[in-house]
Amino acid sequence: MNFELSETQTLIRDTARKFAREVLAPRAQKTDREEIFPLDAYRQMGELGLLGVNVPAEYGGAEAGVLSYSLAVIELAAACASTSVGMCVTNMCAELICQFGTVEQKKRYVTKLTSGEAIAGAFALSEPHAGSDPGAGNTTAAKKGDRWVINGTKQWITSGAYAGVIVVWARTSSEGNKGLSCFLVGKGAEGLTCGRAEDKMGLRGSNTVPLIFENVEVGEDQLLGRLGDGFKLAMVALDGGRVGIASQACGVGRAAIEASVRYVKDRHAFGQAIGEFQALRFMLADMTTQQQTAELLTFRAASMKEKKVPFTREASMAKLFASEMSNKVCDRAVQLHGGYGYIDEFPVERYLRDARVQTIYEGTSEIQRIVIAREVIKAAG
Ligand code: CAA
């Protein structure tokens, strides 16, 4: 076991940290309050290699591995969680196409994602009635000559209004999970529209829309992976995606602790800094221990993915623990700030709102427990 970062990992972390602190953090509050999707930040992330951290260099990626990716997400999330989720989904789409795409598809779509030309990638799996159970989706892709015609509505699509590359799941046969296939759709495809952006509790600088497919035609060369393998592709992508969301949770939790430390040193009550009170010190101790534990779980899952060993259970454990940690830690941070935690003069109210969705998206905590328990029982033989 090695707890030291490599040169590459240090470089990616420091690059992400500098960008996050200099570009994202100063305007994170405005991004949130005014629901600004920061187009320029995505272009800069492309230039810095942050939209394809674990993508081969031949497709424009940084080829820096999964641990580097996790470190980068933590840095971005600590500054602006809204931007970090768009980064996560873009990396997830690029990696999925690299893993299952043809050389042509990688050249056509991945390079657009990693460079920032596409702005972002979108992962169009969920539907209004099918979130935890994607196998119940009923968006269809019907064969018409040598083309596929997609019809249906996708829901909760991160960056959906801006994404230049959309990975979309559609039913190509009626066989439940085995009837799903995966397609690649470019921005501006005829028949593709996006609905009203959701007015969310948190992550307000991230764009979340329904995507409506009305007779959207795609060629055979836009089928990603094999016909009927869509469900498995989604599961593989989500295993990696969960490492991303766990990292995001670690970043938001870390930011909440840093803000709390600043506050308890500065704020005085009863003749001393409130950080002198044992009650608050114990809170900080627990918050820090939980956040660091979440990082360890997340880095273990990242490093297993990097070594290409099965990591489904570890990704779900990291996502479950880290997302629940960030909710607890951000709640405690608001408590430590007293009345000031409840207003937007301090960032902790935003952290708490941003953390809330982490136990819901990319698989709820309840789904993670199902996955973990299944893997534990399977491993016992
Ligand atoms: N890797 C590879 N294959 C996998 C897999 C994995 N992790 N998990 C399952 N599979 C395979 C199984 O081996 C099985 O294959 P066979 O049919 O060949 O045996 C097939 O997939 C079906 O598996 P299950 O029987 O386990 O499927 P299930 O219907 O019982 O569902 C589930 C399992 C884990 C609950 C799954 O439905 C799930 O993960 N649901 C949550 C979905 C989710 O996370 N949605 C989030 C939306 S995306 C999002 O939020 C993005 C964003 O914008 C931030």
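Start in strand 7, at Ile212: this residue is the bridge partner of Thr193. Helices (H or I, at least four residues) and strands (E, at least two) are DSSP runs, numbered from the N terminus. The model is predicted, with local features needing pLDDT of at least 70 and side-chain atom pairs counting only at pLDDT 80 or more, while totals for chains, interfaces and linings use all residues. Residues are numbered from 1 along each chain as its sequence is written, and side-chain values use heavy atoms, with hydrogens and water left out.

Next, select residues 192-194. This is strand 6, which pairs with strand 7 in the antiparallel sense over three bridges; two strands pair if DSSP finds at least two bridges between them. Within strand 7, Thr208 is the bridge partner of Thr158.

Now colour by domain. The assignment, automatic or from a database, gives domain 1 as 7-120, domain 2 as 123-228 and domain 3 as 231-380.

Keep domain 2 and domain 3 in view. Their centres, taken over C-alpha atoms, are 30 Å apart. Contact here means heavy atoms within 4.5 Å, and it takes 15 residues from domain 2 and 14 residues from domain 3.

What area is buried between domain 2 and domain 3? About 1100 Å², with carbon and sulfur atoms giving 74% of it. Buried area is the accessible area (1.4 Å probe) that two parts lose on being put together, summed over both. On the side of domain 2 that touches domain 3, nine residues are nonpolar (Ala, Val, Leu, Ile, Met, Phe, Trp, Tyr, Cys and Pro), five are polar (the others, Gly among them) and one is charged (Asp, Glu, Lys and Arg).

Select Glu75 and Arg17, which form one with the closest N and O atoms 3.0 Å apart. Glu75 lies in helix 4 (residues 66-79) and Arg17 in helix 1 (residues 7-24), so the pair links distant parts of the chain, 58 residues apart.

Key
A salt bridge is a side-chain nitrogen of Lys or Arg within 4 Å of a carboxyl oxygen of Asp or Glu.
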